[in-house]
Amino acid sequence: MTIGTGDLSRSAGDVGISLTSPPHLLPDLAAHLDDYLAGPIGELDLPGYQLNLWTQSDQYRTATAAFTENVTGQVSPVPGVTLTESRTSAGTRSYTVRRDDLEQRPGAWAVSINGTIIDLFVNSAEMAARYAVRIIREAMLRTYENAHGIVFHAAGVDRAGSALMICGPRSAGKTSTLAALLRALGDDGALLSNDRIIVHGDDRVVAVPLPVPVARGTIDAFPELRAAIPASARTDLPDTFATAAKTTLAARPFAAALGSSLTVGSHLQTLLAPRFSDTAQPPRIRRLTETETLALLTEACFTPTDEFWQPWLVERTTSDTALTRQAALACEHLAATVPCHQLTFGIRGQITDLHRALADLTGARP
């Protein structure tokens, strides 16, 4: 799984990462990686990657100058970000950031990959750990997908080896539901991921390492999150329902703030579909039919096409047609075998009522 003899060895699920870095960056780099990566699972024999991190300005300039040769096209991993792609006859693919409407940092990093060797060049050492997590995530997503994993737009919580997967579109209430579940379960629960879950086999789920975006409403509802997020990062957020303006926490600190931990994999036992509204409606949970569950899963399934994010670093080895079929079969299997509940709740109601409803659903102690 893990290859090479790097300075750090980590795993994103069963995708091993051997990472080399300038020595002075290693402590901060290790701490940042551990905020997102919870270790290997030990189920799949997946390719590992050697990630070499280069942080000197001259290294970045030399690399990007070379990458401007043999340009073959452009890639847009997310809306507003454009990467220039180049390829060499030796099989190396290289990418530089041409446009960045999200962070306003064009030219902040560049990366090349040949087989399982990845070289990441950053223009500022202080951003090295953040970009390393992004590259690891890219490698993980496509590697699992190439091994027949199916990606869902979902959050996930583990309890004693059983997972509850929270599915829904943006602004459905996934993060607030996730926070309430972690609070209800306490140290009996663990965070998988906030926004992407990989399903493989019949019922195995794997966490995708991602930060947790949190809106003002969720922060105000949970004192634990208010304590964990600096006032400077939350006071300017709008207090409106379904806003896209959010601040972020790394995965492990988010879980820790709610008395929980971080884990990497679990067995899928329950599906939950939150549907929050800008009302004072008390929480109501009802069991969905198999047909309703299939529609929910089909909407949340992001294989082979993720509407927000296109993994690009590792090349796809399975056709879109085959992936579409695999995803459809996975959704049908889950709809037929995993119970699914819809949770309706008005955000102007009492968060303690939501907490109790989820505790009743999961059997958590009051």
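**First selection: R196**

Select R196, which has its place in strand β12, residues 196-200. The model is a predicted one, in which local features need pLDDT of at least 70, side-chain atom pairs count only at pLDDT 80 or more, and totals for chains, interfaces and linings use all residues. Residues are numbered from 1 along each chain as its sequence is written, and side-chain values use heavy atoms, with hydrogens and water left out.

Is R196 buried or exposed? With a relative accessibility of 2%, R196 counts as buried. The term buried means under 20% relative accessible area, exposed means over 50%, and partly exposed lies in between (1.4 Å probe, protein chains only).

Now display the surroundings of R196. Not counting residues up to four places away in sequence, R196 touches V151, F152, H153, A154, A207, V208, L210, F302, D306, F308 and W309. Contact means heavy atoms within 4.5 Å.

Move to T143 in helix α3, residues 128-146. T143 is buried, its relative accessible area being 4%. Leaving aside neighbours within four places in sequence, the residues in contact with T143 are V15, L46, P47, Y49 and V314.

Continue to H148, in the loop between α3 and β9 (150-159). Phi of H148 is near 75 degrees, a positive value in a residue other than glycine.

Next, select A160 in the loop between β9 and β10 (162-167). A160 also is not a glycine, and has a positive phi of about 55 degrees. A160 is exposed, with a relative accessible area of 76%.

**Helices α4 and α11**

Two packed helices are described by the angle between their axes and the distance between the axes. Select α4 (residues 174-185) together with α11 (residues 351-362): these helices pack at an angle of about 65 degrees, with their axes 9 Å apart. Axes are lines fitted to C-alpha atoms, for helices over the stretch in contact, and angles run from 0 to 180 degrees between N-to-C directions. The angle makes α4 roughly perpendicular to α11. Angles under 35 degrees count as roughly parallel, over 145 as roughly antiparallel, 65 to 115 as roughly perpendicular and the rest as oblique.

The crossing of α4 and α11 is right-handed. A crossing is right-handed if the near helix is turned clockwise from the far one by less than a right angle, and left-handed if anticlockwise.

Which residues make the contact? From α4 they are T177, A180, L181, R183, A184 and L185, and from α11 they are I351, L354, H355, L358, A359 and T362. By class, the contact of α4 with α11 has eight nonpolar residues, three polar and one charged. Ala, Val, Leu, Ile, Met, Phe, Trp, Tyr, Cys and Pro count as nonpolar, Asp, Glu, Lys and Arg as charged, and the others, Gly among them, as polar.

**Helices α9 and α10**

Turn to α9 and α10, which pack at an angle of about 140 degrees with axes 8 Å apart. These two helices are therefore oblique to each other, and the crossing of α9 and α10 is right-handed. To see where they meet, display E290, T293, L294, L297 and T298 in α9 with C331, E332, L334, A335 and A336 in α10. Six nonpolar, two polar and two charged residues form the contact of α9 with α10.

In the loop between α9 (290-300) and α10 (320-337), find P304. The peptide bond from T303 to P304 is cis, with omega near 5 degrees.

Select H333, which lies in helix α10. H333 is partly exposed, with a relative accessible area of 31%. The C-alpha atoms of H333 and D202 are separated by 7.7 Å, while the residues are 131 residues apart along the chain.

**The whole chain**

Finally, clear the selection and view the chain with its 11 helices and 19 strands. Of its 366 residues, 52% count as buried. The C-alpha atoms fill a box of roughly 60 × 45 × 35 Å, taken along the principal axes.

Technical notes. Helices (H or I, at least four residues) and strands (E, at least two) are DSSP runs, numbered from the N terminus.
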